[in-house]
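Please look through the sequence and the model below before reading on. The report that follows takes up a few features one after another.

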Amino acid sequence: RGPEFSFAAVITFSGPECWGTRIFDFCNDHGEDSIYVDVREGMNETPEEPGSLLFFVQRGDINEGDNLQALACGGSWIAGQPHLYLFTVSATGVMRVYIDGQLAASQ
């Protein structure tokens, strides 16, 4: 698989204008060996509803359909509320998202 990875930050989302943005994006080259998190709207796409985060690990070239893993973390942010987010990948490929020290999603 690969080495372990973690990224932590205190984040306050401002609202719907965050939809479609990235919290972080680390890669070797464009579309190759990437680790990133996308900010998404909630299920009903209303500003009042908690938004979602999508955590991705891409091994190899995305254009060649290589190994892409995704972990959805629904209801993970509300506009104006700061939280501590921790995104981890174990040496065996287990992905986890923690919010304020509590496990929010895992795969």
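## Aromatic rings

In this predicted model, the count of aromatic pairs comes to 11. One of them joins Tyr85 and Phe87, whose ring centres lie 6.4 Å apart and whose planes meet at 10°, so this pair is stacked. The reasoning takes two steps: the centres must lie within 6.5 Å for the rings to pair at all, and planes under 30 degrees apart count as stacked. A pair of aromatic rings is described in just this way, by the distance of the centres and the angle of the planes.

Are the two residues of this pair buried or exposed? Tyr85 has a relative accessibility of 0% and therefore counts as buried, and Phe87, also at 0% relative accessibility, counts as buried too, because the word is used for residues under 20% relative accessible area. Ring pairs also link Tyr85 and Phe87 into a cluster with Phe5, Phe7, Phe13, Phe24, Phe26, Phe55 and Trp77. Another ring, that of Tyr36, has the charged end of Arg22 sitting over it, 3.9 Å from the ring centre.

## The chain as a whole

The secondary structure of the chain comes to 0 helices and 8 strands, and reading along the sequence therefore gives the pattern β-β-β-β-β-β-β-β. The chain has 107 residues, and buried residues make up 37% of them.

## The largest pocket

The largest pocket holds about 220 Å³ of space. Strand 3 (32-40) and strand 4 (51-61) are the elements that give two or more residues to its lining. In total, 14 residues line this pocket, and those nearest its centre are Pro3, Asp33, Ser34, Ile35 and Arg59.

What classes of residue make up the lining of the largest pocket? Sorted by class, the lining has 7 nonpolar, 4 polar and 3 charged residues.

## Two loop residues

Ser90 is found in the loop between strand 6 (83-89) and strand 7 (95-99). With a relative accessibility of 16%, Ser90 counts as buried, since the cut-off for that word is under 20%. Which residues does Ser90 touch, if those up to four places away in sequence are not counted? They are Pro3 and Glu4. Between Ser90 and Pro3 there are 87 residues of separation in sequence, while the distance in space is 7.3 Å from C-alpha to C-alpha.

Asp100 has its place in the loop between strand 7 and strand 8 (102-106). Its phi is near 50°, which is a positive value in a residue other than glycine. At 42% relative accessibility, Asp100 counts as partly exposed, because this value falls between the 20% limit for buried and the 50% limit for exposed.

Note on methods
Residues numbered from 1 in each chain as written. Predicted model: local features only at pLDDT ≥ 70, side-chain atom pairs only at ≥ 80, totals over all residues. Heavy atoms only, no water. Phe/Tyr/Trp six-rings, centres within 6.5 Å; stacked < 30°, edge-to-face > 60°. Buried < 20%, exposed > 50% of the residue type's maximum accessible area, 1.4 Å probe, protein only. Lys NZ or Arg CZ within 6 Å of the ring centre and 35° of its normal. 1 Å grid on protein atoms, 1.4 Å probe; cavity = no way out; pocket = protein on both sides within 12 Å on 5 of 7 lines; lining within 4 Å. Points joined across faces, edges and corners; volume = space filled by probe spheres on them. Helix = DSSP H or I, 4+ residues; strand = E, 2+ residues; numbered from the N terminus. Nonpolar A, V, L, I, M, F, W, Y, C, P; charged D, E, K, R; others polar. Contact = heavy atoms within 4.5 Å.
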